[in-house]
Amino acid sequence: MSYDDVEIEDMEWNVELQAYTYPCPCGDLFQITKDELRLGEEIARCPSCSLYITVVYNIEDFLGDSDQRNKKLEPPKQQPIAVA
Amino acid sequence: MTEQNEKGKEAIHEDEEEQPEVQKIWSWGAGTDGQLGTGRLEDEHLPQLLHFPSLASAGPIFLLACGGAHVIALTSGGRVMTWGRGASGQLGHGEMVNNLYPKAVTSLQNDFIIHVSAGWSHSGFVADSGCLFTCGDGSFGQLGHGDYKSHCSPVRVSFFANEHVEQIACGMRHSLVLLKGCHIYAFGSGKRGQLGISEGKIKSVSVPKVTQALEEVKIASIAANGDHSAALSFDGHLYTWGRGFGGTPDTHFPQCSSSSFLFTRAALGWNHALALTDGAQVFMLGGSHHGFLGDLEKIRPAKQLPDSREAILEKVLGLDGTKVLHIAAGAEHSAVGHLDDLLPKKLSKWSAHSQKNDLQDSEFRSTKQRKYQGRGSRQRLLGSISKSIPIAQYQLGEWPWLDEHTIGLVWLDNFDDTNSCLEFEAILKKT
């Protein structure tokens with residue numbers, strides 16, 4: 001059973017984990033990655049215990065985000081090639 | 001203030017001369033961020049007796065506060081030590097790293113601290129001068145500095161420069177402050193109404209605002225945990241606001257619980273509240289989805305909609321006939337300290353009544369703590385517990401001065417039977 005329903009805007013982006021996180025009552029963090037969200041995954045799990053939450057979000061927000069990210073990421077990758 | 005510190009130290013020495021005091025601390029539960037103070041990054045299913053010279057030299061501990069994964073210890077000399085998770089700066093050591101052992105918060109050494117609170121990832125400290133200091137995660141405004149920055153050293157909250165702060169209560173992403181003169185101020189995340197400052201939806205505020213609807217009430221104490229807030233008035237009324245209990249709607253202003261009982265203490269979890277009456281009985285708001293204390297048959301589905309819009313304070317039946325002295329709540333569990341008879345001088349039983357968790361019964365992560373000071377009828381408990389999933393019930397014989405806590409801290413002082421310690425450990429091993 002899902003511990004709670006949490007809106008994506010109430011989750012925090014954790015740079016270190018590269019995941020959206022939300023406090024778990026066990027002390028660790030519920031986690032879900034952008035890739036998982038893009039695939040429609042709505043369960044964020046806690047790596048330290050068996051609890052999980054249901055993430056409430058709009059998948060379109062992340063599909064668009066994916067395109068933008070790819071565009072942003074591509075130039076830096078190409079640059080070193082150009083230099084070489 | 002230095003003078004007061006010195007006076008405090010002297011007072012401790014005098015106490016020690018008059019009445020040798022032994023204080024011990026145990027810890028258990030979740031430990032992957034060093035919050036158990038054992039020096040290991042491991043969970044502990046059984047209480048671990050802690051040995052740390054830094055704590056022993058600091059003097060007796062007066063109050064322990066457990067946060068998401070950190071612990072704040074306040075000594076009777078007004079000094080503060082912290083350990084556990086420090087990634088957001090909540091330990092106040094000037095760096096954002098975990099600490100496996102208790103370490104003094106040196107930047108507070110010129111202040112005599114009288115009250116502390118630990119939130120999910122932030123910390124609050126109140127000095128006897130009425131100054132408030134906060135540190136840790138500030139991304140929801142929960143530090144009260146007028147911005148959303150995090151701080152790794154305690155920073156004085158300038159908003160209260162001309163006020164006398166008495167207490168601080170830190171929740172998951174919000175804070176409550178009780179001023180001398182009884183006003184409550186709130187700051188941080190307010191999405192569930194936990195600030196009590198506006199009827200409309202408030203995402204967050206970083207500048208303290210007065211909690212409404214309590215202006216005429218004389219408040220004795222405040223509590224915060226999860227997205228809940230609570231206050232107890234001097235005349236024994238319990239007020240709660242924030243996230244609804246047991247599936248009831250959120251409340252954006254303090255609501256007085258309709259009960260003919262008078263309450264002396266309140267403790268909040270993430271989905272339940274405990275309240276202790278002046279007649280030593282325990283009542284609970286919400287929290288029934290993991291089972292009622294002492295009645296595990298009575299489990300309600302978490303998502304079941306209640307008949308009433310208002311959560312009802314229900315007496316904890318499993319504690320009938322028990323004289324409860326202290327209550328504590330973790331995120332999803334509860335603990336009480338009680339007498340097994342009506343003779344205050346013979347505190348002979350202590351037990352942790354736990355709520356069974358239907359999802360995690362293979363894991364035991366309990367934390368609670370309490371402290372008795374003095375002897376006999378003068379005994380007093382202090383403490384808090386946080387997160388964790390307990391499953392066991394301990395019955396400890398001849399064990400008056402015990403403390404445990406989620407991430408688990410147990411301590412005792414003034415005990416006159418050294419063998420009790422061994423006995424206690426033996427009992428737990430049998431369990």
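Let's start at B:I184. What does B:I184 touch, once residues up to four places away in sequence are not counted? The list runs B:L176, B:V177, B:L178, B:K209, B:V210, B:T211, B:L214, B:I219, B:I222, B:A231 and B:W241. Keep in mind that this is a predicted model.

B:I184 belongs to the largest nonpolar core, which has 27 residues. Within that core, the residues with the most contacts are B:L132, B:F160, B:V177 and B:I184. Which strands supply it? In chain B, β11 (165-170), β12 (174-179), β13 (184-189), β15 (219-225) and β17 (238-242) each give at least two residues to this core. As background, nonpolar side chains in soluble globular proteins tend to be buried together.

Now over to chain A. It has two helices and six strands. Along the sequence, the pattern reads β-β-β-β-α-β-β-α. Chain A has 84 residues, and 40% of them count as buried. Its accessible surface is about 5000 Å², with 50% of that belonging to carbon and sulfur atoms. Take the chain A contacts between residues at least 6 apart in sequence: 32% of them join residues at least 24 apart.

There is a record to mention here. An unreviewed UniProt entry annotates residues 2-58 of chain A as "domain: DPH-type MB". Over residues 2-58, chain A is 9% helix and 40% strand. The end C-alpha atoms of that stretch are 19 Å apart.

One residue to look at in chain A is A:I43. You will find A:I43 in strand β5, residues 43-45. What is A:I43 in contact with, leaving aside neighbours within four places in sequence? The partners are A:I32, A:Y52, A:I53 and A:T54. For a sense of distance, A:I43 and A:L63 are 20 residues apart in sequence and 17 Å apart in space, C-alpha to C-alpha.

Next, cysteines. Is A:C49 buried or exposed? A:C49 counts as buried, because its relative accessibility is 10% and the cut-off is under 20%. B:C256 is partly exposed, at 35% relative accessible area.

Back to chain B, and a loop. B:Q35 is in the loop between β1 (24-29) and β2 (44-49). B:Q35 is buried, with a relative accessible area of 1%. What do the polar atoms of its side chain meet? One lies 2.8 Å from the backbone nitrogen of B:D33. The backbone oxygen of B:A30 also has a polar atom of the B:Q35 side chain 3.3 Å away.

Last stop, B:T251. B:T251 is in strand β18 of chain B, residues 251-256. B:T251 is partly exposed, at 23% relative accessible area. Setting aside neighbours within four places in sequence, B:T251 is in contact with B:R192, B:G193, B:T240, B:W241 and B:G242. B:W241 is also on the B:I184 list we opened with. And B:T251 to B:G29 is 222 residues in sequence, and 32 Å in space, C-alpha to C-alpha.

Key:
Residues numbered from 1 in each chain as written. Chains lettered and ligands numbered in written order. Predicted model: local features only at pLDDT ≥ 70, side-chain atom pairs only at ≥ 80, totals over all residues. Heavy atoms only, no water. Core = buried A, V, L, I, M, F, W, Y, C linked by side-chain atoms within 4.5 Å. Buried < 20%, exposed > 50% of the residue type's maximum accessible area, 1.4 Å probe, protein only. Helix = DSSP H or I, 4+ residues; strand = E, 2+ residues; numbered from the N terminus. Contact = heavy atoms within 4.5 Å. Polar contact = N/O pair within 3.5 Å; in protein donor to acceptor, adjacent residues only side chain to side chain. UniProt positions renumbered as here; feature names shortened; annotations may be inferred. Areas by Shrake-Rupley, 256 points an atom, 1.4 Å probe, with all protein chains shown as cover.
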